Structure formats: structure tokens, C-alpha cells
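Here is a friendly briefing to read with the model open beside you.

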Amino acid sequence: EIDMRMDELTQLLSMSPYYNGRVAGSNGVARIMGGIETFVTTNVTDASSAALTQKHIEDAVAAAWGYGGKPSLIVCNSWAKRKIADFYSGYVRTERSETMGGITIDEILTPLGLRLSVAVDRFCPTNKLYLLDKNYVGYITLDEFFYEELGKTGDTAAKGQVVGEYGFVVAYEKAHAVIKS
């Protein structure tokens, strides 16, 4: 039971940068850490349902770079990862192999000379790409997950809960960018 709950909590923690909106909390209302879009408000590109292009990515990188940031990571879902691979498919050097086809783009080099790793995350929303400067974003552990026993309610009934507290930090919000829609 504890392992199942730990897996569930780890999944919820992985989803929080994408879906959480900050809640200060009060009596009876739990605090909730803010996600990426709670903090990144300057370099947000709304593609207005247009097809994602290489120019969208390069413009977002240039915007963050213009404010002094150095984006080094693109976080996206599987569709966007395939789309990025299509952008650069004509620029891939390969060795001859007669048993395998296809390409994988794990890193791109922008015209500004910045290298961006492309990370796919199953929890990332399908209509968003996050261009992040890894120096200014990450989780902070306030209290690691642990099992805490609760009071007994009978001779054999043992109750407990898994408790932990984490935060998500986005410093220097202009160093990051979001492409949406």
C-alpha cells in the first residue's frame, strides 16, 4: 500500500510543473506550489493554433536570450518531440545501417550557439513546449516523502499516511519561454 501511494505521489509531483496554479492555503485548504506558467509570464508565445515551426522555437530562444537567459532544455510531449525531429531530419549525419531506420533528435543547436536538450515527458500538455534555463528551475525538497503512523482505532487496526512537502522553483523568469496553442 505504501509503495502504491509513493508511486501515485511521485506521478502527481511530476505533473505539478505543468498543471499547478499557486494556492496560498488556509484552514482546510492545502497549499499548492505553482507550476511553470505561474512564474513564466514574459516570454510566452501563443501560436494561435498554427502549426509548430522551427521559427517558433528559435524566436522563443532569442527572446529569453535577449533578457540574459540561456535556455538549455526543451520539455515537450511525444507529438512535439516528433515534430522537432522532422524540423532537423535533413540536417542529421548518419552512418550506414541496413537494419534500422528513423532518427532521434535529443539535442539541437540554435543560430545563437545555444545547445538545447529535448526532453519528452508524458505528462507535458500536448499544446505546450517549455524552453527552460536549467540553472534557474527545479524542485526544492522541504520534507522528503515518509510514512507516518497515525493513532490506532482498535486492537489490530494500524493507520498511517505518506507525507512530504516539495516546492517548484523558477528563478529569473525572463530566462525561460513557453510556446502554447
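Helices and strands here are DSSP runs, helices of at least four residues and strands of at least two, numbered from the N terminus. Please keep in mind that this is a predicted model. With those names in hand, we can start with two helices and then turn to the strands.

**Helix α3**
- Helix α3 covers residues 54-66, which makes 13 residues.
- From its first C-alpha to its last, α3 reaches 18 Å, close to the 18 Å expected at 1.5 Å a residue.
- Five names to look for on the buried side of α3 are His56, Ile57, Ala60, Val61 and Ala64.
- Lys55 and Gly66 are exposed, and they sit on the face of α3 turned away from its buried side.
- After α3 comes Gly68, which has a positive phi near 100°.

**Helix α4**
- In helix α4, residues 78-87, the buried residues are Ala80, Lys81, Ile84, Ala85 and Phe87.
- Their arc around the axis is only 155°, and therefore they fall on the same side of α4.
- Arg82 and Asp86 are exposed on the other side of α4.

**Strands β2, β3 and β4**
- Strand β2 (residues 73-76) runs parallel to strand β4 (residues 115-120), and 4 bridges join them.
- Within this pairing, Cys76 has Val120 in β4 as its bridge partner.
- Strand β3 (residues 107-109) also pairs with β4, here in the antiparallel sense and over 3 bridges.
- Leu109 stands opposite Arg115 in β4.
- The hairpin of β3 and β4 has 5 residues between the strands, and Gly113 in this hairpin takes a positive phi near 85°.

- Val23, Val29 and Ile32 make a nonpolar surface patch of about 200 Å².
- Where does Val23 lie? Val23 is in the loop between α1 (2-19) and α2 (36-39).
- Val23 has a relative accessible area of 31%, so this residue counts as partly exposed.

Methods: Residues are numbered from 1 along each chain as its sequence is written. This is a predicted model: local features need pLDDT of at least 70, side-chain atom pairs count only at pLDDT 80 or more; totals for chains, interfaces and linings use all residues. Side-chain values use heavy atoms; hydrogens and water are left out. The expected span of a helix is 1.5 Å times one less than its number of residues. Buried means under 20% relative accessible area, exposed over 50%, partly exposed in between (1.4 Å probe, protein chains only). Two strands pair if DSSP finds at least two bridges between them. Patches are made of residues with over 30% relative accessible area and no salt bridge: like charges are joined within 9 Å, nonpolar side chains (Val, Leu, Ile, Met, Phe, Trp, Tyr) within 5 Å. Accessible areas come from the Shrake-Rupley method with a 1.4 Å probe; for residues, only the protein chains shown count as cover. A salt bridge is a side-chain nitrogen of Lys or Arg within 4 Å of a carboxyl oxygen of Asp or Glu. The arc is that of the directions from the helix axis to the C-beta atoms.
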